[in-house]
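Welcome! Take a moment to look over the sequence and the model before reading on.

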Amino acid sequence: MSRTATVHSLWTTAAAEPPVRIPAPHIEYAQLSPTLIVLGAALVGVLVEAFLPRRTRYHAQLLLTVVGLAAAFAAVIALAAGGFAGDKARVAAMGAVAVDGPALFLQGTILLVGLIAAFTFAERRLEPTAHGRPVDSFAAQGAAVPGGEAERKAVAAGMTTTEVFPVMLFAIGGMLVFPAANDLLTLFVALEVFSLPLYVLCALARRQRLLSQESAVKYFLLGAFSSAFLLFGVALLYGYAGTVTYSGIADVVGGTTRTLDPALASTTGNDALLLIGGAMVLVGLLFKVGAVPFHMWTPDVYQGAPTPVTGFMAAATKVAAFGALLRLLYVVLPGMRWDWRPVMWGVAIVTMLVGAIVAVTQTDVKRLLAYSSIAHAGFILAGVIATTPDGVSSVLFYLGAYSFVTLGAFAVVTLVRDAGGEATHLSKWAGLGRRSPLVAAVFAVFLLAFAGIPLTSGFAGKFAVFKAAAQGGAAPLVIVGVLSSAIAAFFYIRVIVLMFFSEPKAEGPTVSVPSPLTSTAIAVGVVVTLVLGVAPQYFLDLAGQAGTFVR
Amino acid sequence: MSFPLLTATAVVPAVGALATAAVPAARRTAAKWLALGFALATLVLSAAQLVRFDPDAAGPFQLTESHAWIKDFGVRYDLGVDGISVVLIALTALLIPFVVLAGWHDADPLEDASTRWRPTQGFFALILMVEAMVVIAFEATDVFLFYIFFEAMLIPMYFLIGGFGDRAGERGEAETAAQRSYAAVKFLLYNLVGGLIMLAAVIGLYAVTAHQLGTGTFSLTEIVQARANGSLEFATTTERALFLGFFFAFAVKAPLWPLHTWLPNAMGEATAPVAVLITAVVDKVGTFAMLRFCLQLFPEASKWATPVILVLSLISILYGALLAVGQRDIKRLIAYASISHFGFIVLGIFAMTTQGQGGATLYMVNHGISTAALMLVAGFLISRRGSRLIADYGGVQKVAPVLAGTFLVGGLATLSLPGLAPFVSEFLVLVGTFSRYPVIGVLATVGIVLAALYVLVLYQRTMTGPVAEPVRGMPDLRARELVVVAPLIVLLLVLGVYPKPVTRIVEPAVEHTMSQVHQSDPKPDVHVNDVEAAK
């Protein structure tokens, strides 16, 4: 910065100084270690895929994934214990990545979610064996045409797509950077790094291949569209501020800096650029969050994607995207609060209401959960809008609580099966409580948590965000929030009625007995749901300590 | 630190619920005895509360326990009982063993049930779970803690209503199941909406206390104190909005006209013991919470809303009674009678006189006992014939005289015959109301006349007259059923003649509540009496 501060115009730079030497970037490897470990494991996973014989790949990949994610989580814990979540919070990698409380909290959540999701990815006892070999819920060969000769051969050969593990690790790597990104370009790169693997994963369902591929194409097209919005917004913000770093833009917004880049002298400080650019970046993020009116992809993608992927995506993407949204609004645009708050109010209200109301008419479990995730995005937005430290920590807590409920709920969905694979149509769930009381009871616990019934994590989370919103002066949002909770409760309850009070159908689905992998995922979901519901204080403290962004 | 009696009273049934649920499918009878054992243990603990409770002690709450719980939300695990709650806990603990005994065979699985489906264990576990949650709701002196259990008790209650019903009879299995799940969903949605609106008010309360006191709190004692010493002041609009949020939830639960429509469905479809659980135990939390939270937290707003609430409760009294007269279904008749009685209770509470509130509290107890007696006997009757329609009965007293006799006593208690317990409380409520609102007091007495009508007509049609064909050969009360009914009838008689033990405990608490509401103004009932005397 000091070098450019002396510059007066484009021409004098070239004349007065020797060719600028590009400084070697200084990278704090230790502080970036969570991301590096995950991406490293992903690269090793690609090598495993290339060099190991097929029969050993599954176990090698699973081990690698679990170890990689666990090591990365340990690194997050070590960083947090080293004070990076508090007073030692800093910006690493030449201003590209923040290492602070919210980033570490969200990274830890994403890693845990990824770890649990990896278990459901690895489940091989639910699908009937194909030609004597156990298979998972992913296509035998992703590139094969559905129903074509190549697919038939791949199935006959007992092939499985073990690539899902490194692909998932890449996605997690991107998600780790997304909420920590401290400049807009890093934000964009992280967005693409985690989105592209998700598009691929969505297309890989073993059953209902066409639906799955359709969902992937929809997700990809709309996702690319939203990425374009984001990138355009980044360009406009650069034009406005002459920099892409969060703190630099914030300074220009706040009017505290006047170091103009001569090339941008005519646009710097132009509020039109700021407003349009900021709005476009927000569109990109709200798309990932699944907020109305950028939610159209959610039900189709949630329904078509393989259910373990849906669970992973619903939980982890939401965490990462809300993290990025928080950082953008709290670090870059706090000076713009009076401009973006009314807009976000509208988005939050519409999201809560549309999610809850449209969900009432759904007849498919996965679509139902998709609309419920939209409604929950609205609740979380209410906490985002609070613009207080309480707001940040309540959102962090909500994300942690919500993601485990979601994972568990989708894991249960994978268990309920009939001859055509997962039986996701709601009518088939009738009487499940009679036939498999335990599974139905567990699903009921998750539904009650979604509905925000006290003594579940959903209630603690909802109370936290609504409390923050009320204190942040958004009382009407709280009113809309409780009303849409009431609407939402209706359809959660409807599923419970169906499971427990309806007569089982003769040709109804059966509940498969999963391996310990999925059982672990579900058990973790239940335990987290109840612990966060009954004794949330420790985790609220954790989220509270993590509530300050570094600039 | 002394023995946490209040926690124990709630934990014992909760543990009992888990233990009962864990009993293997084949050991149904063991599960029943286990549930009964835990219910009786809770009764013992509740008796210990009564023994250790000192009506004359200073301070609003006794046997208090206080622990930090969720610091971030300003929530504490604060328990304490006053005279009102200790009596209501005793009522709950007293009724649950009878509910368990009366429902002994209600959840026996049909022959073809699969082995993994364990309805019996579930039924009794849910009853105990409801008991645990109701007890802790009565004990909570932290608004948030109360709210949590106020809401959470809906879930076991919902499964009790939707999952278990009378034998299908002539309506057919599918029709019955559909009606039942409709009733359960209606129950849950009404109460959930009420609860969520209250949630908004609870959050608002936190926001106000956090804003004015620095740290948000839900402690009833702290808020009351802060209001008394002026460090906490609600703006008029805020207080009214918060009051309405709380009152709405309690009025749904109580239930007050026009939010009452879930009750006849729920009580009609549920088995008789569950219906008793709804009306005699769970609904009492609503009226209790009006006394404890609405009046104490928002005294000014309570006074502001009084005229409207009095009119609503008057409508409840008359409307419930009128509809009870017109019912053809025994259980729905009792449900409408209960709506009428809840009208009296709310009337007593908001008459804002010592007699009114004392009478209302006593009414809660008496209504619990009398409705339990009437409903359980009605349940025994229905289980014999398989029909809830009044028209299907006739001449029962010739075939089953004991059953008819106990039904009559329960009915007479419901119509507040002098000498039976509800008379005292109804009289107190009417006196308390009349001293301040003479017109409403007079109109409310019409409810008593109607009560005589619906009870006596019910008795006449079912029990007297020629013996109806299906009733012929109907067995009289069995030993288990007598064990359930006899103590309730004895209690009705004893409390009817000598209500002092209850009023003695309740009165100081009522006076305390009154002093909260009338912090500045003198007792207006004195004025009214003075005016009367001057005339």
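This is a predicted model: local features need pLDDT of at least 70, side-chain atom pairs count only at pLDDT 80 or more; totals for chains, interfaces and linings use all residues.

Two strands pair if DSSP finds at least two bridges between them. Helices (H or I, at least four residues) and strands (E, at least two) are DSSP runs, numbered from the N terminus.

Residues are numbered from 1 along each chain as its sequence is written, while chains are lettered from A and ligands numbered from 1 in the order in which they are written.

Now find the open sheet of 3 strands in chain A, with the order β4-β3-β5 and antiparallel pairing. β4 (421-422) and β5 (510-511) of chain A are the edge strands with a single partner each, so one side of each has no neighbour in the sheet. Strand β3 (residues 416-418) of chain A is joined to β5(A) by 2 bridges, and A:V416 is found opposite A:V511 in β5(A). Helix α16 (residues 389-415) of chain A packs on this sheet and touches β3, β4 and β5 of chain A.

## A pair of helices

Next, look at helix α4 (residues 54-84) and helix α5 (residues 101-121) of chain A: their axes come within 9 Å and cross at roughly 160 degrees. Axes are lines fitted to C-alpha atoms, for helices over the stretch in contact, and angles run from 0 to 180 degrees between N-to-C directions. The crossing makes α4(A) roughly antiparallel to α5(A) (angles over 145 degrees count as such).

Two residues are in contact if their C-beta atoms, placed from the backbone, lie within 7 Å. Among the residues of α4(A) that meet α5(A) are A:V66, A:L69 and A:F73, and those they meet in α5(A) include A:L104, A:L111 and A:L115. This contact has 14 nonpolar, 4 polar and no charged residues. Ala, Val, Leu, Ile, Met, Phe, Trp, Tyr, Cys and Pro count as nonpolar, Asp, Glu, Lys and Arg as charged, and the others, Gly among them, as polar.

## Where the chains touch

How many residues of chain A are in contact with chain B? There are 27, and they meet 32 residues of chain B. Helix α20(A) gives the most to this side of chain A, with 11 residues. By class, the side of chain A that touches chain B has 20 nonpolar, 4 polar and 3 charged residues.

## The whole chain

Chain A has 22 helices and 5 strands. Its C-alpha atoms fill a box of roughly 85 × 55 × 40 Å, taken along the principal axes.

Methods
Angles under 35 degrees count as roughly parallel, over 145 as roughly antiparallel, 65 to 115 as roughly perpendicular and the rest as oblique.
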